[in-house]
Amino acid sequence: MKVKNNIILALDVMNMKEATEICEKLEKDLDTIKIGYPLTLAEGLEAVSEIKETFNFKVICDYKVADIPATNSKICNQTFKAGADAIICHGFVGQDSVQACADEAGEFNAEVFLLTEMSHPGAKLFLQENADAIAKMGVDMGIKNYVAPATRINRLKEIREIVGKDAFIISPGVGKQGGDVKETLTYANAAIIGRSIYESDDSQKALKDFISLI
Ligand code: 3DU
């Protein structure tokens with residue numbers, strides 16, 4: 001995946017009106033949007049279709065898919081049918097569950113991002129100790145895309161070393177969660193940024209400020 005300006009907007013606003021306004025303001029400098037449960041639960045999966053129809057954005061659905069293979073397939077099927085270009089799935093559920101997502105993505109010529117370690121403090125409790133193994137599993141499976149934290153640069157670096165230079169890493173945690181965009185992009189291909197942009201009084205300027213730091 002190619003990401004303009006190496007920044008992905010996390011569009012976690014709670015209605016389509018706000019989502020559309022933000023997208024209109026930022027469409028010159030962005031080409032990739034991440035939609036998660038907040039907007040999807042507020043407005044339905046149509047939010048994905050509507051953004052795809054209205055804008056020239058790639059849409060990554062951050063549904064952190066983490067179920068048995070049969071259910072993962074159905075979740076991915078619906079998401080790709082709605083027009084998503086990619087979906088994020090959890091790795092802790094194991095190879096068969098991740099493979100179900102990858103297989104469904106293959107049917108739609110879409111992509112899967114494997115979530116390794118999350119960015120929040122709580123990720124240290126259970127996820128961190130298994131994140132390297134999750135990343136290794138992804139490599140063994142031939143997964144090309146990963147999610148790794150911008151809030152712990154040493155961990156982002158270690159995960160990059162495991163997945164290799166040709167893997168595509170997107171990294172959440174820049175801005176509000178404390179991560180630094182420039183440092184993050186030393187190891188990640190794109191930074192995921194949400195609140196620091198869409199909660200700003202001037203979202204265009206907030207985005208441009210991040211771009212100027214890269
Ligand atoms: O903290 P922000 O507002 O910049 O948003 C970060 C986005 O990335 C948000 O949608 C969140 O759900 C997602 N995310 C993480 O923050 C951390 C992860 O490990 C995975 C996804």
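Predicted model: local features only at pLDDT ≥ 70, side-chain atom pairs only at ≥ 80, totals over all residues.

Colleague: What is the value of phi at Asn6?

Modeller: Phi of Asn6 is positive, about 60 degrees, although Asn6 is not a glycine. With 31% relative accessibility, Asn6 counts as partly exposed. Lys64 is another case to look at: its phi is positive too, near 35 degrees, and Lys64 is a residue other than glycine. Lys64 belongs to strand S3, residues 58–65, and is partly exposed with a relative accessible area of 29%.

Colleague: Now for an annotation from a record. Which residues does the UniProt domain annotation cover?

Modeller: According to the unreviewed UniProt entry, "domain: Orotidine 5'-phosphate decarboxylase" covers residues 6–210. An annotation of this kind may be inferred rather than shown by experiment. In the model, the span is 47% helix and 19% strand, and its end C-alpha atoms lie 10 Å apart.

Colleague: How far is Lys182 from Phe210?

Modeller: Their C-alpha atoms are separated by 8.7 Å, while the two residues are 28 apart along the chain. You will find Lys182 in helix H8, residues 181–187. Lys182 counts as exposed, because its relative accessibility is 52% and exposed means over 50%.

Colleague: Let us turn to charged pairs. How do I read a salt bridge, and how many are there?

Modeller: The general idea is a side-chain nitrogen of Lys or Arg within 4 Å of a carboxyl oxygen of Asp or Glu. By this rule the model has 14 salt bridges. One of them joins the side chains of Glu117 and Arg155, at 2.6 Å from N to O. Glu117 lies in the loop between strand S5 (111–115) and helix H6 (128–141), and Arg155 in helix H7 (residues 153–163), so this pair ties together parts that are 38 residues apart in sequence.

Colleague: Are Glu117 and Arg155 buried or exposed?

Modeller: Both are buried; for Arg155 the relative accessible area is 7%. Arg155 also forms a salt bridge with Asp132, where the closest N and O atoms are 2.8 Å apart. Because Asp132 lies in helix H6 and Arg155 in helix H7, that pair ties together parts 23 residues apart in sequence. Asp132 is partly exposed, with a relative accessible area of 25%.

Colleague: What separates Lys205 and Asp209 in helix H10?

Modeller: About one helical turn, because they are 4 residues apart in helix H10, residues 203–213. Lys205 and Asp209 form a salt bridge, with the closest N and O atoms 2.9 Å apart. Both partners are partly exposed: Lys205 has a relative accessible area of 46%, and Asp209 has 35% relative accessibility.

Colleague: Last, the surface. Which residues form the negative surface patch?

Modeller: To read such a patch, look for like charges joined within 9 Å, on residues with over 30% relative accessible area and no salt bridge. Here Glu43, Glu46, Glu50 and Glu53 form a negative patch. Helix H3, residues 46–54, gives the most to the patch, with 3 residues. Glu46 is found in helix H3 and counts as exposed, at 52% relative accessibility.

Terms used
Residues numbered from 1 in each chain as written. Heavy atoms only, no water. Patch = residues over 30% accessible without salt bridge, like charges linked within 9 Å, V, L, I, M, F, W, Y side chains within 5 Å. Areas by Shrake-Rupley, 256 points an atom, 1.4 Å probe, with all protein chains shown as cover. Lys, Arg positive; Asp, Glu negative; His and termini not counted. Charge placed at Lys NZ, Arg CZ, Asp CG, Glu CD. Helix = DSSP H or I, 4+ residues; strand = E, 2+ residues; numbered from the N terminus. Buried < 20%, exposed > 50% of the residue type's maximum accessible area, 1.4 Å probe, protein only.
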